[in-house]
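Please look over the model below with these notes beside it.

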Amino acid sequence: MKFSTGALVTDTQQVVARVWAVIVHHNSLGTLMATAHNLLDEGIDPKQIVVVDNSMDRVSEPELTSALPPGVHLLRVENQGYGAAVNAGFRHVDQAAAGCAEAVLVVTHEVLFSQGAVAVLVETVRGAPSVGAVAPLLTVRGASGEDVWSSGGYLTGWLRLPRHSTELEAGRDCATVEWADGAAVMYRPSALGLGMDERYFLYMEEVELHLRLRASGMTVVVAYGARASQSTGGMPPYYAVRNIQLLHRRFGRLGFRHFALASVAARAVAKAAMHSDLTAFRAVLRGVRDGRRARLV
């Protein structure tokens with residue numbers, strides 16, 4: 001499949017004119033401000049940016065309003081997790097845009113795009129009607145600078161564990177992947193219309209959604225010409241062992257699900273033992289228990 005990334009974009013605002021953005025925010029006003037202004041710099045109209053805040057009582061509405069550019073929509077919701085916030089944001093966009101949104105960019109509050117990256121994502125969506133979701137090449141900000149965090153995700157062989165790739169396909173503008181990191185993804189409205197599974201609360205819900213997109217006939221791609229950076233602390237052990245069970249309810253291999261859970265749990269326990277972290281060890285046990293209970297839902 002050939003993708004067009006619109007390398008020669010001369011009028012960014014025109015390219016992104018029908019793009020809406022949903023920023024999921026939780027208690028991080030400094031990074032939220034930077035992300036919102038970054039999207040403005042990428043040409044998105046402030047009236048087409050929706051901040052979904054689930055900080056509850058930790059951040060006041062006046063604080064949020066003062067941190068946001070004029071015109072940006074603010075939607076305050078209970079903290080029911082990332083997927084619930086994305087779903088709420090999409091419902092708001094769907095109503096406000098009256099069905100005229102060409103694409104919806106979903107980002108977390110710490111993401112920053114390189115210049116022109118959003119336009120590249122839009123051109124990728126336009127260039128291939130089968131694309132349901134497109135993500136930038138994601139880097140992570142650390143003490144030593146920026147390193148590639150994800151050039152797309154895949155599932156390992158028999159255990160089907162989600163893993164990030166950092167490899168780039170030579171001679172390609174884009175690569176088809178099994179899933180992309182949820183920190184920054186542009187969706188067709190029809191793709192987001194499938195909805196994120198809110199049971200995950202945090203982590204792996206984008207993996208599950210993207211696998212469903214692929215099962216419905218859409219593709220998920222990473223556009224190498226678009227870059228975005230984020231900061232991340234990795235996945236907490238509780239969600240690692242809890243959510244792998246949720247994911248494998250639908251996409252695991254029969255007969256290998258228990259081995260997959262054992263692999264994830266062993267990895268988390270080993271990390272906890274290395275740091276003598278009893279709290280993390282207890283979190284693993286809770287994750288195993290809660291994941292099993294969720295299987296009955």
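1. A nonpolar core is a set of buried Ala, Val, Leu, Ile, Met, Phe, Trp, Tyr and Cys residues joined through side-chain atoms within 4.5 Å. Buried means under 20% relative accessible area, exposed over 50%, and partly exposed in between (1.4 Å probe, protein chains only). The largest such core here has 39 residues, and L39, I44, L105, F113 and M186 have the most contacts inside it. Helix 5 gives the most to this core, seven residues. Helices (H or I, at least four residues) and strands (E, at least two) are DSSP runs, numbered from the N terminus.

2. The model is predicted: local features need pLDDT of at least 70 and side-chain atom pairs pLDDT 80 or more, while totals for chains, interfaces and linings use all residues. Residues are numbered from 1 along each chain as its sequence is written, and side-chain values use heavy atoms, without hydrogens and water.

3. Contact means heavy atoms within 4.5 Å. Leaving aside neighbours within four places in sequence, L105 is in contact with residues including W20, L39, I44, F113 and M186. A second, separate core of 31 residues includes V22, Y82, A97 and A133.

4. Rings of Phe, Tyr and Trp (its six-membered ring) pair if their centres lie within 6.5 Å; planes under 30 degrees apart count as stacked, over 60 as edge-to-face and the rest as tilted. By this rule there are five aromatic pairs. One of them, Y203 with Y239, is tilted, at 5.9 Å centre to centre and 45° between the planes. Y203 lies in the loop between helix 6 (189-192) and helix 7 (205-215) and Y239 in helix 8 (residues 237-251), so this pair ties together parts 36 residues apart in sequence.
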